[in-house]
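Biologist: I am new to reading structures, so please take me through this one slowly.

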Amino acid sequence: MEMRSITYNEYADEQLLGPVAEGHAAAFAELYHRYGQKMFSYFFRMLWKNKALAEDQTQELFLKVIRHAKKFETDRSFSTWLYSMAHNMCKNEYRRSAIRSKYRSMKHDTNLAAQDKQIDLRKFKEAVHACMDELNDEKRSLFILRFQEQLSVPDISRVLNIPEGTVKSRLFYLLKEMKEKLKQFQTLHNPS
Amino acid sequence: MDMQPDDIIQQKEWHQLTDAEKEILQPVTANREEYDLLRNMLLVAMEEKDEVPTIDHSVEAFLQTQLKKNIRARRITPFWYYAAASVALVILATWLLINKPADSGKVAVVPSVEKVNVVDSIKQPAKIPDVAIVQSKPVTEQNTKKTAPQKKTWREINTIIAKDTMLMALVTEVY
């Protein structure tokens, strides 16, 4: 008999995988509630802000969770596992898709903003977004995981499967690169 | 805790920085302008997070149906194995019944005959050639060398025996 009264909101992510493997809809709903929008958001930013594609990828990701819930090793972190899968899916999507090159050709030049001495906040935001879009897949992934998903360095290291030292040095060079690209906006003080 | 430059940038304003933190930041940002630039950039990146649309509800609904299907499929799978095994057994049993020899109670069935080599009494025996293989024994001490068996006719043998008086005497004694 299914226990409908069970609420899973106090369960840790890893503990939810067991009931999900047994087909408990409420456990899956709880997991989806925690990570559904989050992963969609990740895919949306990683996959050229394409909503339909991000939804497809989110769906595919959670289907993998359903299929492999039984095999999940409980000593691992669920969120790291989820981000690792999502990261690999994005990499596959980059390989598969020709959209990226199309998208790159559509992008506007960041330096255009510098032509105007009266730099405003809107232009700065556009420039930041353009800079982010210009990053290669590896750097963009690092940027999103660190500055938008707010993952810790050890977590990023596990997701990207690289040493922590490498994550730190890549972050350092990423900040330097972004700073160089946005140098023309140095006079701007408060964007918000 | 090990503070990363980006942690500091996100958490503090320039005037809040300690000397130690400024030292950590030195390779990334040398002055206040650069620091503010990076801080603003990170704030904009954070804001972008909120600009993401909401995922469609149909995704969750679809996933819930898939969850049920997945469980049903997993439960049904063993039954498929049993069904397949049963079908295989039925086929095997049918095959054995078809190939089994009929019961001898009703119809006399001649058992399959093994091929036996029966001697045909009418048939003429194969003609044995009038030749014998005889190992020639050393007759004298001179003839010590081993010789290959020689083929000789009965007539020749009789002549040899007749010539050899000692052998002839032995044969006579035996008879």
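Biologist: In what order do the elements of chain B run from the N terminus on?

Modeller: From the N terminus on, the order in chain B is α-α-α-α-β-β-α-α, which comes to six helices and two strands. Helices (H or I, at least four residues) and strands (E, at least two) are DSSP runs, numbered from the N terminus. Please keep in mind that this is a predicted model, in which local features need pLDDT of at least 70 and side-chain atom pairs count only at pLDDT 80 or more, while totals for chains, interfaces and linings use all residues. Residues are numbered from 1 along each chain as its sequence is written, and chains are lettered from A and ligands numbered from 1 in the order in which they are written.

Biologist: And what pattern does chain A follow?

Modeller: Read along the sequence, chain A goes α-α-α-α-α-α-α-α-α, with nine helices and zero strands.

Biologist: How much of each chain is buried?

Modeller: In chain A, buried residues make up 32% of the 192 residues, and in chain B they make up 12% of the 175 residues. A residue is buried if 20 or more other C-beta atoms, placed from the backbone, lie within 10 Å of its own, exposed if 12 or fewer do, and partly exposed in between.

Biologist: How many residues do the chains use to touch each other?

Modeller: On chain A 41 residues are in contact with 34 residues of chain B. Helices H2 (25–46), H3 (51–68), H6 (121–134), H7 (137–148) and H9 (164–181) of chain A each supply at least two residues of the side that touches chain B, and the largest share, nine residues, comes from H2(A).

Biologist: What classes of residue are on that side of chain A?

Modeller: The side of chain A that touches chain B has 21 nonpolar, 11 polar and nine charged residues. Here Ala, Val, Leu, Ile, Met, Phe, Trp, Tyr, Cys and Pro count as nonpolar, Asp, Glu, Lys and Arg as charged, and the others, Gly among them, as polar.

Biologist: Which residues have the most contacts inside the largest nonpolar core?

Modeller: That core has 61 residues, and those with the most contacts inside it are Val20(A), Met39(A), Phe43(A), Ala86(A), Val128(A) and Met41(B), while H2(A) gives the most to it, with 11 residues. A nonpolar core is a set of buried Ala, Val, Leu, Ile, Met, Phe, Trp, Tyr and Cys residues joined through C-beta atoms within 7 Å. Leaving aside its neighbours within four places in sequence, Val128(A) is in contact with Leu182(A), Met41(B), Val44(B) and Ala45(B).

Biologist: At what angle do H2(A) and H4(A) pack?

Modeller: The angle is about 30°, and the axes of H2(A) and H4(A) are 11 Å apart, which makes H2(A) roughly parallel to H4(A). Angles under 35 degrees count as roughly parallel, over 145 as roughly antiparallel, 65 to 115 as roughly perpendicular and the rest as oblique. The contact joins Tyr35(A), Met39(A), Tyr42(A), Phe43(A) and Met46(A) of H2(A) to Leu82(A), Ala86(A) and Cys90(A) of H4(A), and by class it has eight nonpolar, no polar and no charged residues.

Biologist: Then how do H4(A) and H8(A) pack?

Modeller: Helix H4 (residues 78–96) and helix H8 (residues 153–160) of chain A pack at about 45°, with their axes 8 Å apart, so H4(A) is oblique to H8(A). Axes are lines fitted to C-alpha atoms, for helices over the stretch in contact, and angles run from 0 to 180 degrees between N-to-C directions. Thr80(A), Tyr83(A), Ser84(A) and His87(A) in H4(A) meet Asp155(A), Arg158(A), Val159(A) and Leu160(A) in H8(A), a contact with three nonpolar, three polar and two charged residues.

Biologist: Switching to loops, where is Lys49(A)?

Modeller: Lys49(A) lies in the loop between H2 and H3 of chain A, and it has a positive phi of about 55° although it is not a glycine. With 17 C-beta neighbours inside 10 Å, Lys49(A) counts as partly exposed. Asn161(A), in the loop between H8 and H9 of chain A, also has a positive phi, of about 60°, although it is not a glycine.

Terms used
Contact = placed C-beta atoms within 7 Å.
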